[in-house]
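The sequence and the coordinates come first, and the discussion follows.

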Amino acid sequence: LKHAVDLAQPGDSVCVHTGTYAEGQINFSRSGTAAAPITFTAAPGEAVTIQGSLELARGTSYVNLLGFAVSGYRIWGVTLIGDNHHVRLSKLNVSGGEAGVRLTDGESDQPPASGPVSDVILEDSVIRNVVYTAVDCTPGPCDRVTFRRLEISGSGLEAGFGGDGLGLEKGRDVLVEDCYIHDNGGDGIDLNSRDRTGNV
C-alpha cells in the first residue's frame, strides 16, 4: 500500500483488495487537484484493515480515503497534519489509540503547528473506543468542515477528563448532521471551545 501511495498521481484511484495491511504509518504526501483528486478506496464489498495510521502530510490536499478499517495505532488513527484542504474521509471504521481522527497538530489554544485545515468531509464512518477525544480538531482552526452520518462512542471513558465525542476548538462554517454520538466520557459535541474572536 505504501508503494501505491508513493506512485499515485492526480486523477488516479488506488483500489485495495481484502486483507489486513500491517504497514505502520502510511504518509500521504502527494496532492491531487480540484479536477483530478487522488482516491484510495477499499474494493466494493471487500474488508480492508489498515493496522497502523494514515497521515496526510502538511499541505497534502484533494485526497479521498474511502472504506478502510483503521486500528492498531498508538496515537492518532487518521491525521490531517495541517494546511490540508478538500479532503474526503468516508466509510471508515476507526478504533483505539488516543484519537481516532485528528485535524491539525499542536497544543490546545495555540496556533496550529503546521497550519489550519479546511473543506473537509468526514462522513458515513464509525469512530470508537479511543483514550481521549474521538474526532479532535485541536488546536484548529478547522473551517468549512462537514461531519455527517457518524457514529462516535466509547471515547474518554477511562481518561478521567474530557474525552469528547467530537471536539473542535476553532472553526468557521462547521456542519454536524445526522450523527449518533453516545456513551463518551466528556461532551458529545464540543464546538469552538477555544474561540475567543467570534468565529462561530
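The residues L1, V5, F28, F40, I50, L54 and F68 line the largest cavity, in what is a predicted model. By class, that lining is made up of seven nonpolar residues, with no polar and no charged residues. The space inside the cavity comes to about 30 Å³, and a search of the whole structure finds one cavity of 30 Å³ or more.

**Strand β4 and its partners**

How much of β4 is buried? Seven of the nine residues of β4 are buried, so the strand is largely enclosed by the rest of the structure. Strand β2, residues 19–28, pairs with β4 in the parallel sense over nine bridges, and within that pairing F28, one of the residues that line the cavity, has L56 of β4 as its bridge partner. The pairing of β4 with β6 is also in the parallel sense and extends over four bridges; here I50, another residue of the cavity lining, has V70 in β6 as its bridge partner. Strand β7, residues 76–80, runs parallel to β4 and is joined to β4 by three bridges, with L56 standing opposite L80 in β7. In a regular strand the side chains alternate between the two faces of the sheet.

**Open pockets**

| Space | Volume | Lining by class |
|---|---|---|
| Largest pocket | about 260 Å³ | one nonpolar, six polar, seven charged |
| Second largest pocket | about 180 Å³ | six nonpolar, four polar, two charged |
| Largest cavity | about 30 Å³ | seven nonpolar, no polar, no charged |

The largest pocket holds about 260 Å³ of space, and of the 14 residues that line this pocket, those closest to its centre are S108, T133, D136, T138 and E169. For the second largest pocket, the lining consists of T41, A42, G45, E46, A47, V48, T49, L66, G67, F68, A69 and K91. The elements that give two or more residues to this lining are β3 (38–42), β4 (48–56) and β6 (68–71).

**Cysteines**

A search of the whole structure finds one disulfide, which joins C137 to C142 with an S to S distance of 1.8 Å. The torsion about the S-S bond of these two cysteines is about 95 degrees, so the disulfide is right-handed. Both ends count as buried, C137 at 2% relative accessibility and C142 at 0%. What keeps C179 from a bond? The sulfur of C179 is 15 Å from the closest cysteine sulfur, which belongs to C142, and this is too far for a bond. C179 is partly exposed, with a relative accessible area of 25%, and C15 is likewise partly exposed, with a relative accessible area of 42%.

**The surroundings of K170**

K170 lies in the loop between β14 (166–168) and β15 (174–177) and is partly exposed, with a relative accessible area of 22%. Leaving aside neighbours within four places in sequence, K170 is in contact with D109, C137, P139, G140, P141, C142, N192, R194 and D195, a list that includes C137 and C142, the two cysteines joined by the disulfide. K170 and L103 are 67 residues apart in sequence, while their C-alpha atoms are 11 Å apart in space.

Is L89 buried or exposed? L89, which is found in strand β8, residues 84–90, counts as buried at 0% relative accessibility. Not counting residues up to four places away in sequence, L89 touches L65, V78, L80, V101, I121, L122, E123 and S125.

Technical notes
Residues numbered from 1 in each chain as written. Predicted model: local features only at pLDDT ≥ 70, side-chain atom pairs only at ≥ 80, totals over all residues. Heavy atoms only, no water. 1 Å grid on protein atoms, 1.4 Å probe; cavity = no way out; pocket = protein on both sides within 12 Å on 5 of 7 lines; lining within 4 Å. Points joined across faces, edges and corners; volume = space filled by probe spheres on them. Nonpolar A, V, L, I, M, F, W, Y, C, P; charged D, E, K, R; others polar. Buried < 20%, exposed > 50% of the residue type's maximum accessible area, 1.4 Å probe, protein only. Contact = heavy atoms within 4.5 Å. Disulfide = S-S within 2.5 Å. Pairing = 2+ DSSP bridges.
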